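Trainee: Please take a close look at one part of this model with me, and then show me how the rest is packed.

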Amino acid sequence: MSLQNLYTKASAGERLTPQEGLRLLQEGELLEIGAAADSIRRVKHPQPMVTFVVDTNPNYTNVCNIDCIFCAFYRHEGEADSYTYSVDEMIAKFKDFVQAGVTTVLLQGGVNPKLPFDYYLDMVRRTRAEVPEIHPHFFSTSELRGMAEVSGLSLREVLLQLKQAGMNTIPGGGAEILTDRVKKKISSKKGTTADWLNVMREAHELGYKTTATMMYGHLETDEDIIEHLDCIRQLQDETGGFTAFIPWSFKPGNTPLEKIIPTYATPNRYLQILALSRIYLDNLAHIQASWFSEGKKIGQVALHFGADDFGGTLLEENVHAAANFVNKTTIDEVVQLIREAGYTPAQRTTLYEVLKVYEA
């Protein structure tokens with residue numbers, strides 16, 4: 001099939017094979033791929049609206065025993081700058097977040113074996129009871145697997161008890177690149193591709209909605225990127241549990257991987273991968289632009305390369321900050337950025353329900 005025919009097929013929203021996806025990634029022209037992605041986005045979301053969520057991303061601990069070489073955030077138990085907050089301290093932070101208009105808290109930490117499972121259950125229960133304005137979008141797949149290990153419960157029982165406590169969505173962190181070849185190099189203690197997919201599968205079967213992510217720009221190949229997208233697409237075919245896909249680029253600052261990968265991936269690479277994600281993931285409704293990891297102007301451009309959502313306000317974020325990469329914004333600025341890109345801004349919930357439309 002010629003490239004032009006491949007663009008036509010993609011623009012029509014027809015499913016690409018892995019081989020076709022790889023060809024687009026390796027040979028396609030950026031603007032052509034972007035145009036195809038934009039046409040698909042306009043079919044899926046015909047209203048000229050871009051959503052965002054007022055959220056924040058605090059951390060309850062930075063103690064972690066997984067030692068990922070792409071991470072500058074984690075510390076070992078006993079190190080001078082290691083910390084673990086009590087549930088009381090986190091609830092107090094959540095109450096402060098409400099005063100700033102936050103509706104979603106994306107809560108993650110390290111995999112800290114000193115924390116009992118009751119700590120996590122208490123965090124969810126008390127959030128629902130004491131800070132009902134906050135949606136608890138809590139815990140990565142790695143943390144959930146750690147809870148199962150510490151408690152001696154099955155993963156399914158851990159997920160079930162958290163759901164009974166009031167949790168019903170899970171962030172997509174921990175995927176990085178869903179190929180075992182890459183995982184063995186960058187996160188050898190974190191589990192396999194199948195482990196990440198199994199947490200998501202079990203969660204979806206129990207009624208959770210989750211996001212899916214990809215962190216690229218380190219040791220992956222083009223083939224690995226397609227394999228990652230194909231894993232997400234296959235599981236979505238099976239369960240329908242993913243709400244959105246969010247790709248972002250690796251930030252090397254202060255990480256062990258910095259010596260091998262000292263520079264950021266380019267904006268063109270981000271737009272290429274974002275557009276391909278919209279094209280390839282034909283069964284996902286939402287593709288999120290990452291203004292936070294790629295910069296606000298590229299976030300705006302991403303809205304014309306297949307993205308329909310501008311992500312969150314991220315009033316607090318520590319993981320990228322540990323890698324010396326910081327972007328901050330406000331609700332007013334997000335609204336302005338979306339308007340400048342030619343769309344109507346709309347605040348949403350974690351589950352993509354529209355709360356408020358900012359008319360011109």
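Trainee: Where is tyrosine 352 found, and between which strands is that loop?

Mentor: The model is predicted, so local features need pLDDT of at least 70 and side-chain atom pairs count only at pLDDT 80 or more, while totals for chains, interfaces and linings use all residues. Residues are numbered from 1 along each chain as its sequence is written, and side-chain values use heavy atoms, with hydrogens and water left out.

Tyrosine 352 is found in the loop between strand S10 (344-348) and strand S11 (354-357). Helices (H or I, at least four residues) and strands (E, at least two) are DSSP runs, numbered from the N terminus. The phi angle of tyrosine 352 is near 70°, a positive value in a residue other than glycine. Tyrosine 352 has a relative accessible area of 13% and therefore counts as buried. Buried means under 20% relative accessible area, exposed over 50%, and partly exposed in between, with a 1.4 Å probe and protein chains only.

Glutamate 176 lies in the loop between strand S5 (169-170) and helix H8 (180-186), and at 6% relative accessible area it is buried.

Asparagine 65 sits in the loop between strand S2 (55-56) and helix H4 (87-99). Its relative accessibility is 37%, so asparagine 65 is partly exposed. Leaving aside residues up to four places away in sequence, asparagine 65 touches Val111, Pro113 and Lys189; contact means heavy atoms within 4.5 Å.

Helix H4 leads on to helix packing. The axes of H4 and helix H5 (residues 117-130) come within 10 Å and cross at roughly 30°. Axes are lines fitted to C-alpha atoms, for helices over the stretch in contact, and angles run from 0 to 180 degrees between N-to-C directions. Among the residues in this contact are Phe94 of H4 and Met123 of H5. By class, the contact of H4 with H5 has 6 nonpolar, 1 polar and 5 charged residues. Here Ala, Val, Leu, Ile, Met, Phe, Trp, Tyr, Cys and Pro count as nonpolar, Asp, Glu, Lys and Arg as charged, and the others, Gly among them, as polar.

Helix H6 (residues 141-151) and helix H7 (residues 155-165) pack at about 105°, with axes 9 Å apart. That makes H6 roughly perpendicular to H7, a term for angles of 65 to 115 degrees; under 35 is roughly parallel, over 145 roughly antiparallel, and the rest oblique. Leu144, Met147, Ala148 and Ser151 in H6 meet Leu155, Val158, Leu159 and Leu162 in H7.

The core comes last. A nonpolar core is a set of buried Ala, Val, Leu, Ile, Met, Phe, Trp, Tyr and Cys residues joined through side-chain atoms within 4.5 Å. In soluble globular proteins, nonpolar side chains tend to be buried together. The largest core here has 99 residues, of which Phe94, Phe139, Leu144, Leu162 and Phe310 touch the most other members. Helix H11 gives the most to this core, with 8 residues. Apart from it lies another core, of 7 residues, including Cys68 and Phe73. Phenylalanine 94 touches Pro58, Val105 and Leu107, among others, not counting residues up to four places away in sequence.
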